[in-house]
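Please look through the sequence and the structure shown here before reading the report that follows.

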Amino acid sequence: MTDNDSRTIWELRNHPLVSIRMVNNEIIPYYNHQKFISGLAGNTDKDYFIIKDKNLNIIGSVNIDYSESPYPERGIFINPAFFNNGHAYNSMKEFYEYANSRWGLPGIMTKVKIDNAGSNRLEEKLGALLYEIKDGYNFYNLSF
Ligand SMILES: CC(C)(COP(=O)(O)OP(=O)(O)OC[C@H]1O[C@@H](n2cnc3c(N)ncnc32)[C@H](O)[C@@H]1OP(=O)(O)O)[C@@H](O)C(=O)NCCC(=O)NCCS
């Protein structure tokens, strides 16, 4: 990831329309972001990806935590400038296809705040199954 990409991802992660939906919704200082990103190199439990379009606009970010169960946990945020254009749905369809066929991932679990209408609709549209409601979160899993 270039320094420019890293800075944009940091700005988007702190955007009020994104951070309010996250488990940790506090503003992240740039120094902490840099430390987190460099720490990923030695972390085999987590992968983080940038989603770009063909014009190299930064559409958002998707991350996987392989240590979660029953399946690895997926997180996502989309750049608010590109909300409601089908990017989350289309990129996740493509990502799941790839993760299953190339890495052999058997499925994905997600944890979504109950009042996050967009993300709950995204899960439903992707075909994920709501299997638990706990502490203000909906828990979904999707078997590939
Ligand atoms: C949730 C999020 C990922 C959706 O991304 P997106 O690219 O705008 O979603 P899509 O355009 O692919 O839409 C997928 C579906 O969700 C619906 N949707 C999206 N945002 C919505 C909203 N705010 N309210 C209700 N429905 C919404 C879309 O209409 C579409 O459903 P439809 O085909 O039935 O109309 C994006 O809003 C986001 O990043 N939010 C902030 C961070 C976040 O919530 N991350 C997930 C944490 S669990």
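## The shell around the ligand

The residues of the shell around the ligand divide into 11 nonpolar, 7 polar and 3 charged, where Ala, Val, Leu, Ile, Met, Phe, Trp, Tyr, Cys and Pro count as nonpolar, Asp, Glu, Lys and Arg as charged, and the others, Gly among them, as polar. This is a predicted model, in which local features need pLDDT of at least 70 and side-chain atom pairs count only at pLDDT 80 or more, while totals for chains, interfaces and linings use all residues. Residues are numbered from 1 along each chain as its sequence is written.

In total, 21 residues surround the ligand, and the closest are R21, A88, Y89, G118 and R121; a residue is near a molecule or strand if its C-beta atom, placed from the backbone, lies within 6 Å of it. The elements that give two or more residues to this shell are α2 (16-19), β3 (73-78), α4 (87-103) and α5 (117-126), and α5 gives the most, with 6 residues. Helices (H or I, at least four residues) and strands (E, at least two) are DSSP runs, numbered from the N terminus.

## The crossing of α4 and α5

Two packed helices are described by the angle between their axes and the distance between the axes. The axes of α4 and α5 come within 10 Å and cross at roughly 40°, with axes being lines fitted to C-alpha atoms, for helices over the stretch in contact, and angles running from 0 to 180 degrees between N-to-C directions. The two helices α4 and α5 are therefore oblique to each other, since angles under 35 degrees count as roughly parallel, over 145 as roughly antiparallel, 65 to 115 as roughly perpendicular and the rest as oblique.

The contact is made by A88, Y89 and M92 of α4 and by L122, K125 and L126 of α5, two residues being in contact if their C-beta atoms, placed from the backbone, lie within 7 Å. Of the residues in this contact, 5 are nonpolar, none is polar and 1 is charged.

Strand β1 (residues 46-52) and strand β2 (residues 58-65) pair in the antiparallel sense over 7 bridges, and two strands pair if DSSP finds at least two bridges between them. The bridge partner of Y48 in β2 is N63. The hairpin has 5 residues between the strands, and L56 in this hairpin takes a positive phi near 70°.

## Two features of the loops

In the loop between β2 and β3 lies P70, and the peptide bond from S69 to P70 is cis, with omega near 5°. The loop between β3 and α4 holds N84, which has a positive phi of about 60° although N84 is not a glycine.
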